[in-house]
Each structure stands twice: as C-alpha cells, then as structure tokens.
Amino acid sequence: MKIYRLIYTRAGRIFVNGVWKDNPIFCMILGICSTLAVTNRVENALAMGAGVTFVLLATSLLISSLRKIIPARIRMITYMLVISTFVICVDRFLKAYFPRISEQLGPYVGLIITNCILMGRAEAFAIKNPLGYSLLDAFSCGLGYSYTLLILSVIREILAFGTILGRRVMPGTWTNWVIMAMPAGGFVLLALYLWIMRNLAKLEPEKGGI
Amino acid sequence: MKEKIKIVFFVFCLGSVCGGFLSGINAYTRERILRNQELKIKTAVLNALEIDYPPEKIEEVFSKNIEKIENKGRVIYRTAKREVAILFSGPGLWGNISGVLALKPDLETIQGIQIISQEETPGLGGRIAEKSFLERFVNKKTIPRLLLVPEGKAKRENEVDAITGATMTSRAFEELLNKSIADFRLLLKKE
C-alpha cells in the first residue's frame with residue numbers, strides 16, 4: 001500500500017511520467033531518428049541508451065544548478081554548449097574503450113547533440129526545477145528512452161540475425177529476416193510499437209489535429 | 001549595458017570551462033584511440049595476408065610474422081615468405097576509401113584485399129567492404145592493369161566482377177587500386 005502511494009508524491013509523478021505517461025519516444029515522439037538507426041542490434045541499443053541517459057543526467061545537473069545565473073536570452077546556446085560538451089565526452093570514451101561499438105554507431109553518437117530529448121528536458125524541466133527533481137526527471141526520461149530501444153532491438157536482432165547480443169537463440173533452421181536489420185524494418189516495428197504502447201497508455205490523439 | 005556585459009562574461013566563462021574540460025578528455029583518451037586505430041590497420045593487414053591470429057594476440061602475431069619497411073613516407077608490410085601488403089587510400093564516390101592490398105611473392109597476383117573504412121552508399125557501393133566482393137580479387141593478376149567488368153563477365157585473369165548498381169563506386173575503386181599498385185611498382189624500381 002505504501003509503495004503504491006509513492007506514485008502520488010511529486011517525485012513519483014516525475015518518474016512515472018518519464019518512463020510511462022510522458023515517455024520520450026511513444027508519447028513525445030522525440031529521438032525517433034536515433035531509435036530507428038541504432039536498434040538493429042541489442043549491443044548498439046544498450047550503448048546508445050546509456051550514452052543518452054548519461055548526457056541527460058549531466059546536462060540536467062549543470063543546467064539545474066546554474067539555472068539562477070543563466071541569462072534567459074542565451075539559455076538555448078547554453079544548452080547546446082553543455083550538451084555538446086558531454087556528447088563529445090561520450091564519443092571519445094566509446095572510441096577509446098569500445099572501438100567496435102563506436103564504429104557501428106557511426107555518426108549517431110555525435111548526433112545525440114541534436115536529439116530533441118536533451119534540449120526538450122533542459123528547456124521544459126531543468127531550467128525551472130531544483131536539482132534533485134531535475135536529476136530524477138533526466139533519469140526517468142533516459143530510462144524511458146533506453147527500455148524502448150532495448151525492446152525494439154531485442155525483437156529486431158532476433159528476427160534479423162537470430163541472435164541476442166551475438167549469442168544464437170533461434171534454431172539453426174531459422175531464416176534471417178534481412179529487412180529487420182534495415183531502416184524499413186525499423187519503421188514497421190516502431191509503428192507497431194507506438195500503436196500498442198499508446199493504446200496501453202490510453203493516449204488519445206489530439207482533437208482537431210491532422 | 002550591464003546585462004550585455006553579464007551575458008558576454010557568462011558565455012566566456014562557460015566556453016572556457018567546457019573547452020578546458022574537453023581538452024582534458026582529449027589528452028586522456030588520445031593514446032588509446034591512436035592505439036585502437038593502429039590495431040585496426042594491423043588486423044586488416046593480417047586478414048589481407050591470410051595469417052590466422054587469436055583476437056587477443058594481434059600485436060604479438062603481427063610483430064612475429066610481419067616486417068614493416070618505411071620508405072619515403074610509404075609503408076610496406078612484408079612477411080617471411082616475401083608476400084607484401086600496402087595501405088591504399090583515395091576518393092570513392094562519396095568519401096574516402098582506405099584499406100590494405102596484399103600481393104603474392106611474384107608482386108603481381110593479389111593475395112587479398114581488406115577495406116578499413118569507406119563511406120559509399122549503404123547496400124550498393126557499400127558492398128565493396130563485404131567479404132563476398134573482396135574474395136573476387138583473390139588470385140587475380142594486376143598486370144597490365146586490374147579491370148572491373150560488369151557482373152558475371154569476368155573471364156581473363158586480370159578481370160574482376162564489379163557490383164551491379166554501383167558503377168561509380170566500382171570505377172573509383174578500380175582506379176584507386178591500380179594507382180596504388182602503380183605507385184608501389186615505382187617505389188620498387190627506385191630501390
């Protein structure tokens with residue numbers, strides 16, 4: 001009973017919003033580009049999820065603690081500067097310690113800079129909320145993004161290569177669905193995923209929209 | 001006015017802190033990144049020369065089997081059996097293609113080719129990095145020159161099947177290989 005009540009505290013609401021009600025991918029539909037690009041293998045999805053979560057946390061930490069001294073007129077430039085600094089950090093780290101993953105992710109690590117989730121969370125949350133809540137928000141959004149990537153990549157890797165993290169899970173007679181490794185397969189799967197999740201989360205399309 | 005000074009000061013401070021932080025990260029990771037790149041070249045050379053190696057002993061196998069000769073800025077890798085491998089790099093259709101070309105001891109027949117990096121169209125020109133394509137070059141003669149011909153038409157021993165749908169990449173790759181081989185011959189003559 002007590003654990004259930006946690007959801008109604010402010011922290012609980014922020015967390016639930018990030019991973020479920022306001023999930024960056026299936027509710028806000030942000031970060032779709034990287035979602036399609038890196039979910040062909042579980043390994044890539046994990047690295048990408050961890051990278052984005054780290055940059056989110058670091059950006060929220062800095063923006064939230066500097067929020068009283070950041071001049072309002074140049075807050076966007078400040079986000080860009082902070083985000084790119086941390087993204088370059090992640091990129092160098094992967095290049096140095098995980099060269100194989102870095103190569104497979106290709107330009108998409110650098111493109112975290114333009115991932116709307118980061119800019120969005122900085123502007124919508126970190127700039128006007130205290131440090132603790134901002135970190136929680138960053139963490140839950142990172143988690144929401146990562147588990148979506150993980151689910152999609154598990155399905156795609158099984159269908160496209162018959163493996164999970166490079167280990168064979170399907171019988172030898174399994175025919176690889178090459179299309180699942182390609183962007184087209186990503187689009188189809190993402191659409192199905194959005195449909196299922198939005199139904200589960202009872203998200204209605206806005207009235208009067210297209 | 002005071003507001004403007006504050007903005008300039010803030011941007012200056014933040015910029016310096018971020019810049020300083022990145023220089024630190026760069027200094028910390030540079031050595032490892034350079035080592036990874038070198039390891040990649042070594043792996044490609046070993047693959048091109050068809051020398052087997054356990055993944056964790058690349059450096060060891062490399063230094064045991066291969067002699068590195070440097071001549072006027074160009075590097076030649078030579079094995080005890082006098083096979084040689086040279087690095088090549090040049091323009092493809094979209095970006096740079098670089099890789100390793102290994103020749104048999106007669107210095108005319110191709111032993112193997114490996115691609116280190118390429119930026120061709122994925123699924124079309126990008127297939128030059130695939131094993132099935134690179135295997136077409138094995139045992140081909142590079143004299144008088146290597147020719148990439150339409151897929152399925154290769155008959156003579158200096159002809160290789162190109163990639164259908166990637167004519168420009170195939171042409172660029174042919175040019176690049178021939179030029180690298182010609183440069184290498186020139187180097188041999190001078191010696």
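Two residues are taken to be in contact if their C-beta atoms, placed from the backbone, lie within 7 Å. By this criterion, residues 24 or more positions apart account for 74% of the contacts in chain A with a separation of 6 or more. The structure is a predicted model, in which local features need pLDDT of at least 70 and side-chain atom pairs count only at pLDDT 80 or more, while totals for chains, interfaces and linings use all residues. Residues are numbered from 1 along each chain as its sequence is written, and chains are lettered from A and ligands numbered from 1 in the order in which they are written.

The secondary structure of chain A consists of ten helices and two strands, where helices (H or I, at least four residues) and strands (E, at least two) are DSSP runs numbered from the N terminus. Read from the N terminus, the elements of chain A follow the order α-α-α-α-α-α-α-α-β-β-α-α. The radius of gyration of chain A, 18 Å, is close to the 17 Å that the globule rule gives for 210 residues, so chain A is as compact as a globular protein of that length; the radius is taken over C-alpha atoms, and the rule is 2.2 Å times the number of residues to the power 0.38.

Of the 210 residues in chain A, 36% are buried, a residue being buried if 20 or more other C-beta atoms lie within 10 Å of its own, exposed if 12 or fewer, and partly exposed in between, with C-beta atoms placed from the backbone. A nonpolar core is a set of buried Ala, Val, Leu, Ile, Met, Phe, Trp, Tyr and Cys residues joined through C-beta atoms within 7 Å. In the largest such core, which has 36 residues, Val55(A) and Phe86(A) touch the most other members. At least two residues of this core come from each of helix 4 (42-65), helix 5 (75-97), helix 7 (116-124) and helix 8 (131-161) of chain A, and helix 4 gives the most, with ten residues. Apart from its neighbours within four places in sequence, Phe86(A) is in contact with Val55(A), Ala58(A) and Thr59(A).

In chain B, helix 1 (residues 2-48) reaches 65 Å from its first C-alpha to its last, close to the 69 Å expected at 1.5 Å a residue, the expected span being 1.5 Å times one less than the number of residues. Within helix 1 of chain B, Lys42(B), Ala44(B), Val45(B), Leu46(B) and Ala48(B) are buried.
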